[in-house]
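Okay, thanks everyone, let me take a few minutes on this one.

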Amino acid sequence: MIEKIISWSTHNRFFVWVGILLIIAGGVFSVMNTPVDAIPDLSENQVIVYTEWMGRNPQIMEDQITYPLVSNLQGIPNVKDIRAASMFGMSFIFVIFNDDAEIYWARTRVLERLNFAQKALPQGVTPTLGPDGTGVGHVFWYTLKGNGYDLGELRAVQDWYVKFALQNVQGVSEVASFGGFQKQYQVSINPNKLIYYDVSAMDVANALKANNRDVGGSIYEMNRMGYMIRGLGYIKDIQDIEEISVGSYKSIPIKLKDVADVQMSSDIRLGIVDENGEGEVVGGVVVARYGENAKEVIDRVKERLGDVEKGLPPGVKIKVAYDRSDLIEAAIATLKEALWEEIAVVSLVVLLFLFHVRSAVVAIVTIPLSVLIGFILIKLFGISLNIMSLGGIALAIGDLVDAGIVMTENAYKNLVKEVIQNAD
């Protein structure tokens, strides 16, 4: 077989050169277009279903949320396993698909089942899909700094400005906020006053919901002009909440401030984020989308941050806390250096042992061609370039040149013997 290949190659040099050029072109194309990341993605091919029902204990979450959802998600094609966890106010379901299942096809199948399964859930509870990222998708972390701003104000800037701006960046699956205080209006009802005015807590809750919205009207025509009418009802401050009517007592409207205290406070916190022991901070985590080039996503996020900083309040700055592109560039630079060193050492050793330049070139040329073929296969099989895959290529250089040396040395010896025999 090998003899036939060698014979065919020696008689068809043009096609051999064409093959070499195709390998070089394909290898360069694969290097330029294969996703690059520092950490290999070993996570499972999964879709996460998250359901929130605050105030309920884990047993209720298990009985009324997790169990109905898991039961309805059974039978989806290509599903390998379904795992679930119920905790206080939250339910997580992990639908594990086979490795060959396309992730967005899998998400569509799960979403179809959720639309049907939602009928079995309590009213007002809506399950949602988790972000289409992976366990190693958190590629960029940042924090917000600003003298004179408290953690609640910085968190508001993060939630209502920076987060939305970065979510539009191509390749970003999610921007998760962390730290600080989430501002909220808190209504503390006085039960004695409710009894006195004969108003129920549900009346208060319904009044709050009904009075926090705009209402569209019709068109009022006057002097051949049409005026669109709408009612403005969105709550803007504490006074708006306090003036909401929750009922009547002896034909006198009862306002919310008559039965409750309204204040601006923070949501319950389950943890804090500290940076380098210098105090609590507010920030966000950028999660890259599944299959995206992490390096390119980070570059686009950095470019967008430059625009975002122009709109920040005076004195507020964005500080990078974790940038995986540094690790990616360092890993690639290290492996590039290792590759060139190995190629140089192997070439020198081949030249010394064979002591014949043309024979040595045959063995040396196999190194870059084999590496390029490796990149082509990486691209075809959808594997990302990371520390593991590039390290494997670096380790394989020593092995792949062995075969070239043996074949070249053997051919050289046979040619020399043939020349000596012909001379005798």
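Before anything else, one cut-off to keep in your heads: I call a residue buried under 20% relative accessible area, exposed over 50%, and partly exposed in between. And please remember that what you see is a predicted model.

Take Arg300: buried, exposed or partly exposed? Its relative accessible area is 23%, so Arg300 goes down as partly exposed. Its salt-bridge partner is Glu292, with 3.8 Å between the closest N and O atoms. Glu292 comes out at 29%, so that side of the pair is partly exposed too. While we're on salt bridges, there is also a network: Glu44, Asp81 and Arg83 are joined by bridges that share partners. Overall, the structure holds 15 salt bridges.

In helix α4, residues 103–117, we have Arg109 and Glu112, three residues apart, about one turn of the helix. They form a salt bridge, and the closest N and O atoms are 2.8 Å apart. Glu112 is partly exposed, since its relative accessible area is 43%.

Now go to helix α5, residues 151–167. Arg155 and Asp159 are four residues apart there, so about one helical turn separates them. Their side chains meet in a salt bridge, 2.9 Å from N to O. Which way does the accessibility go for Asp159, buried or exposed? Asp159 has 14% relative accessibility, so it counts as buried. Arg155 is at 10%, and therefore also counts as buried.

Let me zoom out. The protein has 424 residues, and 31% of them count as buried. There are 13 helices and 14 strands. How about the overall dimensions? Along its principal axes, the C-alpha trace spans about 130 × 60 × 55 Å. The radius of gyration is 33 Å, whereas a compact globule of 424 residues would be near 22 Å. On the contact side, looking at those with a separation of 6 or more, 72% come from residues 24 or more positions apart. The accessible surface comes to about 26300 Å², and carbon and sulfur atoms account for 59% of that.

Speaking of the surface, have a look at the nonpolar patch. Met1, Ile2, Ile5, Ile6 and Met407 make it up, and together they have about 550 Å² of accessible area. Which element gives the most to it? That's helix α1, residues 2–11, with three residues. Ile5 is in that helix, and at 44% relative accessibility it counts as partly exposed.

Last stop, a residue at the other end of the scale. Ser91 is in strand β3, residues 90–97. At 0% relative accessibility, Ser91 counts as buried. What is around it? Setting aside neighbours within four places in sequence, Ser91 is in contact with Val49, Tyr50, Thr51, Met61, Ile65, Thr66 and Ala85. With Thr66 there is also a polar contact between the side chains, at 2.8 Å.

That's my tour, so over to you for questions.

Definitions and conventions. Residues numbered from 1 in each chain as written. Predicted model: local features only at pLDDT ≥ 70, side-chain atom pairs only at ≥ 80, totals over all residues. Heavy atoms only, no water. Patch = residues over 30% accessible without salt bridge, like charges linked within 9 Å, V, L, I, M, F, W, Y side chains within 5 Å. Areas by Shrake-Rupley, 256 points an atom, 1.4 Å probe, with all protein chains shown as cover. Salt bridge = Lys/Arg side-chain N within 4 Å of Asp/Glu carboxyl O. Helix = DSSP H or I, 4+ residues; strand = E, 2+ residues; numbered from the N terminus. Buried < 20%, exposed > 50% of the residue type's maximum accessible area, 1.4 Å probe, protein only. Rg over C-alpha atoms; globule rule 2.2 N^0.38 Å. Contact = heavy atoms within 4.5 Å. Polar contact = N/O pair within 3.5 Å; in protein donor to acceptor, adjacent residues only side chain to side chain.
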